[in-house]
Amino acid sequence: MSDETQSRTSKGMYIHYCMHKGCNKWGAYGFKGRYGTEWFCCKHKQDGEDTPK
Ligand SMILES: [Zn+2]
């Protein structure tokens with residue numbers, strides 16, 4: 001348990017939206033996935049927690 005909502009919008013920060021299929025919301029929650037960091041919105045962050053490592 002580390003980063004909660006990261007609301008930093010400093011330049012240089014790359015765009016990442018929720019990776020849930022069909023969801024185009026902002027991915028505020030990052031998880032370590034098979035392909036690097038995966039991002040999910042607050043509604044789908046469970047997807048990231050369930051991602052097989
Ligand atoms: Zn989502």
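Me: What are the ground rules for the numbers?
Reply: The model is predicted, so local features need pLDDT of at least 70 and side-chain atom pairs count only at pLDDT 80 or more, while totals for chains, interfaces and linings use all residues. Residues are numbered from 1 along each chain as its sequence is written, and side-chain values use heavy atoms, with hydrogens and water left out.

Me: How do you know which elements the protein chain has?
Reply: Helices (H or I, at least four residues) and strands (E, at least two) are DSSP runs, numbered from the N terminus. By that rule the protein chain has one helix and two strands, and from the N terminus on they run β-β-α.

Me: Which atoms coordinate the zinc ion?
Reply: Donors are N, O and S atoms within 2.8 Å of the metal (3.2 Å for Na, K and Ca); water is not among the atoms, so sites may look incomplete. The zinc ion has Cys18 (SG), Cys23 (SG), Cys41 (SG) and His44 (ND1) at 1.9 to 2.4 Å. Along the chain these donors follow the spacing C-x4-C-x17-C-x2-H.

Me: Why is the arrangement around the zinc ion called tetrahedral?
Reply: Four donors count as tetrahedral if all angles lie between 85 and 135 degrees; four count as square planar and six as octahedral if opposite donors are over 155 degrees apart and all others between 65 and 115; anything else is irregular. The four donor atoms here subtend angles of 102 to 116°, so the arrangement is tetrahedral. The ideal angle for four tetrahedral donors is 109.5 degrees.

Me: Why does cysteine 41 count as buried?
Reply: Buried means under 20% relative accessible area, exposed over 50%, and partly exposed in between (1.4 Å probe, protein chains only). Cysteine 41 has 2% relative accessibility, so this residue is buried. Cysteine 41 is found in the loop between S2 and H1.

Me: What does cysteine 41 touch, not counting residues up to four places away in sequence?
Reply: Contact means heavy atoms within 4.5 Å. Cysteine 41 touches Cys18, Cys23, Lys25, Trp26, Gly27, Ala28 and Tyr29.

Me: Why is histidine 44 also called buried?
Reply: Its relative accessibility is 19%, so histidine 44 counts as buried. Histidine 44 sits in the loop between strand S2 (36-40) and helix H1 (45-50). Not counting residues up to four places away in sequence, histidine 44 touches Cys18, His20 and Cys23. The C-alpha atoms of histidine 44 and cysteine 23 are separated by 8.8 Å, though the two residues are 21 residues apart along the chain.

Me: Is lysine 32 buried or exposed, and what makes it so?
Reply: Lysine 32 has a relative accessible area of 62%, so this residue is exposed. Lysine 32 lies in strand S1.

Me: Why is tyrosine 17 given the label partly exposed?
Reply: Tyrosine 17 has a relative accessible area of 47%, so the label is partly exposed. Tyrosine 17 lies in the segment before strand S1 (29-33).

Me: How much of the protein chain is buried?
Reply: Buried residues make up 28% of its 53 residues.
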